[in-house]
Protein chains: 2
Amino acid sequence: MTEISQAAISWIAVDWGTSQVRAWALSDSGEVLQRASSARGMSTLTPDQFEGALLELIGGWLDDRRVIDVIACGMVGARQGWREAPYAEVPCAPQAVERMVRPEVADGRLRVSIIPGLCQRAPADVLRGEETQIAGLLAEHPDYSGVICLPGTHSKWVEIREGQVIAFQTFMTGELFALLSQQSVLRHGMQGDARLLDQQAFDTGLQAGAGKAQRLVGALFGLRAEGLLEGLAPVAARSRLSGLLIGQELAALDERWRGQRVCVIGDGESAERYRHALDILGVAALPVSAERVTLAGLTAAREHIQRGA
Amino acid sequence: MTEISQAAISWIAVDWGTSQVRAWALSDSGEVLQRASSARGMSTLTPDQFEGALLELIGGWLDDRRVIDVIACGMVGARQGWREAPYAEVPCAPQAVERMVRPEVADGRLRVSIIPGLCQRAPADVLRGEETQIAGLLAEHPDYSGVICLPGTHSKWVEIREGQVIAFQTFMTGELFALLSQQSVLRHGMQGDARLLDQQAFDTGLQAGAGKAQRLVGALFGLRAEGLLEGLAPVAARSRLSGLLIGQELAALDERWRGQRVCVIGDGESAERYRHALDILGVAALPVSAERVTLAGLTAAREHIQRGA
């Protein structure tokens, strides 16, 4: 990287999750000049290791002659992260920018700000990182009112009204799918390439899972038994399990998304699966790029800092 | 062991499960003369290792001057076990004694018979080992009509009428509890002695889990969030999870056990927990010793062999 492009870097955006960290070098006009990522997520680090992990990732972007702002969201602000950024409590605006925290750093070229997550008292729930994606979506659509779905290991469903997060709910659907398909007795009937999807089996599972009377605990072992008795193929079994779990999630939320505008934020296969599932259940959900709203949200936080500076 | 007590051993009963094997030396009158067990369950053995594992366990009980009957039930008869004992299909009597299989053995002192499990086509389901406990219960109570609950890693609920298994259903409740409490994100709030139970938290979880509108996927993450926000104690969180899962299971089965006689077969903490849960939901379930009905079932199978000999 040349010194000229270093000089063009105005600030650095970071999304620091449990298992991954991603960083972007941005120009003052918001152009992405560089991207970097690593597997040094929050769960792999002790508090004193975060600065080193950050420098490893973005050291080449720094300039000895000035201090650069690094704006970070995600599990980096958890109690067991770099420095705790205590939750803001809903109902509230998605990003509590006035309560960002500054971890101490040894390297004088860095000024790091961490965005707080959100909490809800009853029913108890928490999120970290998604608040920034929500803020990014609202920065682009200030009048958005409706529901936002953020698929992931722990998917989040968020209700937005008048620029505020009114309520949200977390589903461990993705983690349950991983545990059941890879570690439970069901794994014996689900071997092979996990990226393959049998769309028809997914849809069958989805309809069953979304059924009124369906209870997950009673539906799981049948996937194993059908493998033994009827030779149910591994890709069909895994796809049906995925549909079953997402169907349960959508049915649990029925009153929330029915009749509302729904956005699904995400760039991968998982977001596409949720959109398809909602479509089958009669809801046309709007796809939103996760990277775009993450950057928009981090940009909004940075603008707050600049106004204060 | 003296030669006199060897001579008193008439036959050997074996319950060979996935992770454990238990054996009993019995007199002709049914008295238990010896007990043995090991961790060499089906999942730890290839087909050619079963005979060695059996001899390791009961070799000391054998007598060079005669052939002794070994009657076995459980996963030893699975496709990946010692020798496959193909399922009998419900509705049928619990033990398909006329279809026991005889694995080949090198040791001339042994004659091994394996009892088939049961299968159900729609909804697809299978069991192995429980058929023998059911047969044992029916040997003691030939007129039993009602529901039998067999708690375990995979709990089984079985409907009995006129000496026949009419239908059954498997729940992965125990395995789900283990995965969620030990391997999911919930484990962070569930550390400590897993044997402790907070009865009140269990009951709260049970009532919530058995609630009409409750969906499991939407209820799990709250346990983690309450730990973070309200300091929910690990033993309370774990107990509530257990109640939640068992509540879901009982609610899924509601039409089956409501208004029926219910037996719970089991010797441990788990059976006690199910009985307590049923009690809270208004059903007085009869406790039945698992060891006693396992032996009664294996005895019934042995009597069939003797009648044929």
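Keep in mind that the model is predicted. Chain A carries 11 helices and 13 strands. Its radius of gyration is 21 Å, close to the 19 Å that the globule rule gives for 309 residues, so chain A is as compact as a globular protein of that length.

**Chain A as a whole**

- Along its principal axes, the C-alpha atoms of chain A take up a box of roughly 70 × 40 × 30 Å.
- Burial applies to 55% of the 309 residues in chain A.
- Take the contacts in chain A between residues at least 6 apart in sequence: 66% of them join residues at least 24 apart.
- On the charge side, chain A has 30 positive and 37 negative side chains. The centres of those two sets sit 3 Å apart.

**Cysteines**

- How many disulfides does the structure hold over all chains? The count is zero.
- A:Cys119 is in no disulfide, and its nearest cysteine sulfur belongs to A:Cys92, 8.1 Å away. A disulfide here would need the two sulfur atoms within 2.5 Å.
- A:Cys119 is also buried, at a relative accessible area of 2%.
- A:Cys149 is likewise in no disulfide; the nearest cysteine sulfur is that of A:Cys263, at 9.9 Å.
- With a relative accessible area of 0%, A:Cys149 is buried.

- A:Leu118 belongs to strand S7 of chain A, which covers residues 118–120.
- Is A:Leu118 buried or exposed? Its relative accessibility is 0%, so A:Leu118 counts as buried.
- Leaving aside residues up to four places away in sequence, A:Leu118 touches a list of residues that includes A:Tyr87, A:Ala88, A:Val90, A:Cys92, A:Ala93 and A:Pro94.
- Also among the residues that A:Leu118 touches are A:Asp125, A:Val126, A:Leu127, A:Glu131, A:Val165 and A:Phe168.
- For a sense of distance, A:Leu118 and A:Arg22 are 96 residues apart in sequence, and their C-alpha atoms are 21 Å apart in space.

**B:Ser184, between two chains**

- B:Ser184 sits in the loop of chain B that runs between helix H4 (173–182) and helix H5 (199–209).
- Despite that loop position, B:Ser184 is buried, with a relative accessible area of 0%.
- Which residues does B:Ser184 touch, not counting those up to four places away in sequence? They are A:Met172, A:Glu175 and A:Leu179 from chain A, plus B:Leu179 from chain B.

**Cis peptide bonds**

- In chain A, the peptide bond from A:Val90 to A:Pro91 is cis, with omega near -5 degrees. A:Pro91 falls in the loop between strand S5 (88–89) and strand S6 (110–114) of chain A.
- In chain B, the bond from B:Val90 to B:Pro91 is cis, with omega near 0 degrees. B:Pro91 falls in the loop between strand S5 (88–89) and strand S6 (110–114) of chain B.

- A:Glu162 is not a glycine, yet it has a positive phi of about 50 degrees.
- Where is A:Glu162? Look in the loop between strand S10 (155–161) and strand S11 (164–171) of chain A.
- A:Glu162 is exposed, at a relative accessible area of 76%.
- B:Glu162, also not a glycine, has a positive phi of about 45 degrees.
- B:Glu162 is in the loop of chain B between strand S10 (155–161) and strand S11 (164–171), and at 76% relative accessibility B:Glu162 counts as exposed.

**Helix H7 of chain A**

- Helix H7 of chain A spans residues 221–230, and its buried residues include A:Phe221, A:Gly222, A:Leu223, A:Arg224, A:Ala225 and A:Leu229.
- An α-helix has 3.6 residues a turn, so residues three or four places apart point the same way.
- Within chain A, the buried residues of H7(A) pack against helix H6 (216–219) and helix H8 (234–252).
- Over in chain B, the buried residues of H7(A) pack against strand S7 (118–120), strand S8 (125–127), S10 and S11.
- Just after H7(A) comes A:Gly231, with a positive phi of about 70 degrees.

Technical notes. Residues are numbered from 1 along each chain as its sequence is written. Chains are lettered from A and ligands numbered from 1 in the order in which they are written. This is a predicted model: local features need pLDDT of at least 70, side-chain atom pairs count only at pLDDT 80 or more; totals for chains, interfaces and linings use all residues. Side-chain values use heavy atoms; hydrogens and water are left out. Helices (H or I, at least four residues) and strands (E, at least two) are DSSP runs, numbered from the N terminus. The radius of gyration is taken over C-alpha atoms; the globule rule is 2.2 Å times the number of residues to the power 0.38. Buried means under 20% relative accessible area, exposed over 50%, partly exposed in between (1.4 Å probe, protein chains only). Contact means heavy atoms within 4.5 Å. Lys and Arg count as positive and Asp and Glu as negative; His and the chain ends are not counted. The place of a charge is taken as NZ of Lys, CZ of Arg, CG of Asp or CD of Glu.
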